[in-house]
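Let's walk through one model together, starting with a pocket and moving on to a pair of helices. Have the structure open as you read.

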Amino acid sequence: MASTHQPFAAALARPVPRYTSYPTALQFTPAITDRDHARWLSSVPADAALSLYLHVPYCAQLCWYCGCHTRVASRYSSVARYGAALRTEIRGVAARLGARRRVTQIHWGGGTPTVLQPADFTALAETVGSSFEVASDAEIAVEIDPRTLTDEMVHALAATGTNRVSFGVQDFDPRVQAAINRLQPYAMTELAIARLRGAGVRSVNLDLVYGLPLQTVDSLRDTVERVIELQPDRIALFGYAHVPWMKPHQRLINEQDLPGPADRWALASQAAALLTGAGYLAIGIDHFAKPDDPLARAAAAGLLRRNFQGYTTDTAECLIGFGASAISRLPQGYAQNDADVAGWQRRIESGRLATARGVRLTTDDRLRADIIERLMCDLSVDLRAVTARHGSAATGFTLPPELGEAIRLGIATVDDLVVRIAANARPLARIAAAAFDSYRAGGRQSAAV
């Protein structure tokens, strides 16, 4: 499929974290308890802006490539009970925060949030609105599965203020779709987007995945060209993470059908060239946006951020996660809910927080998190400027020797303590970022590309 004579062949299969947080979830431990989480919530400054993440871990059907915390909903009664517990958790966390805190972003993820019946989705949105002061210009984003989207849910989304939606496309090739157990014709996606835009939901994101079984440069080229026809505002181009040791259902995928490292590079490079050729701007390592999209404007202004939802314009000081497996980012550290739905539910229904693990941030963690986030977002970082922001906490910080490998591979350069990712190495920025990770050892990771 692809030539191996590209300059980064030695680095493509390198396992490396995705750096949607630092420290990464590999460093979370049960030492952080619900008591720690409760103290952290009660000490959030009164004027701190919040963003909220609501996790709905149910889908109508299991996609074999999926790496999310999700399950198939065999009976809707389970989903309804989950929704009721989620409302209880929202009210309980809001009470611990005190007053009605200002919220600037809300993200519904999964799973499939729209597996909720419209009335239950609306009830959850109303619970958020009664528990928090949602800003009039807040971004409210919902992940959508067009295969189960109904007219009633379209109305519910519009009525509750949803202003951005994200669709999983992955690949429109029927052979690839069959190999990952996700049949989703182009016409179905096109109609779902038209219905939402017709209801007033204007901002649309589409997710593509490279490295899927049976995928070729021809199939992905056809998919990207058809995606461009749909004119989404943003496109995420993710590399498939084959991690069957973490997600056993991925064993249903025939590993012999998976593209190799050089082929994955060819897939990613071609898709990126097609998108930028169509006028989309490359954002970070794997996102693309129209020039007038807020994500592109944030990137141009050096204000792009990265969290568990990927690249974002979210500038809130605190991210509060609700639902099984959801992660909260607070000034003191990260707190993650029990990933087991039954365990999470029991804790919430008993009036407790569902915290199962987390990590407390050190001053060194905050410095390194800042460096890694700027590298991941801006593809460059001025180490003098970052260490100056952290004052005495950065005293004695030096250029890590591990960065030498990224320099030798041609991934990064260093000039007067400014680290830059090479223009043709954008997807490999995580390798350079890993040089600043003091927890590098341990854990299995997906490939760099």
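Start with helix α11, which gives the second largest pocket the largest share of its lining, seven residues. Helices here are DSSP runs of H or I with at least four residues, strands are runs of E with at least two, and both are numbered from the N terminus. Keep in mind that this is a predicted model, where local features need pLDDT of at least 70 and side-chain atom pairs pLDDT 80 or more, while totals for chains, interfaces and linings use all residues. Residues count from 1 along each chain as its sequence is written, and side-chain values use heavy atoms, without hydrogens and water.

The second largest pocket holds about 530 Å³ of space. Of its 23 lining residues, R305, R329, Y334, A369 and E373 are the closest to its centre. Two or more lining residues come from each of β11 (305-307), β14 (327-330) and α11 (363-378). Sorted by class, the lining has eleven nonpolar, four polar and eight charged residues. Here Ala, Val, Leu, Ile, Met, Phe, Trp, Tyr, Cys and Pro count as nonpolar, Asp, Glu, Lys and Arg as charged, and the others, Gly among them, as polar.

Now for the helix pair. Helix α2 (residues 76-97) packs against α10 (residues 341-349) at about 45°, with the axes 9 Å apart. On the α2 side, R81, Y82, A85, L86, T88 and E89 meet V341, W344, Q345, I348 and E349 of α10, where contact means heavy atoms within 4.5 Å. Six of these contact residues are nonpolar, two polar and three charged.

Conventions: Axes are lines fitted to C-alpha atoms, for helices over the stretch in contact, and angles run from 0 to 180 degrees between N-to-C directions. On a 1 Å grid over the protein atoms alone, a cavity is a set of points where a 1.4 Å probe fits but cannot get out, and a pocket is an open set with protein on both sides within 12 Å along at least five of seven lines; lining residues have an atom within 4 Å of a point. Grid points are joined across faces, edges and corners, and a volume is the space filled by probe spheres set on the points.
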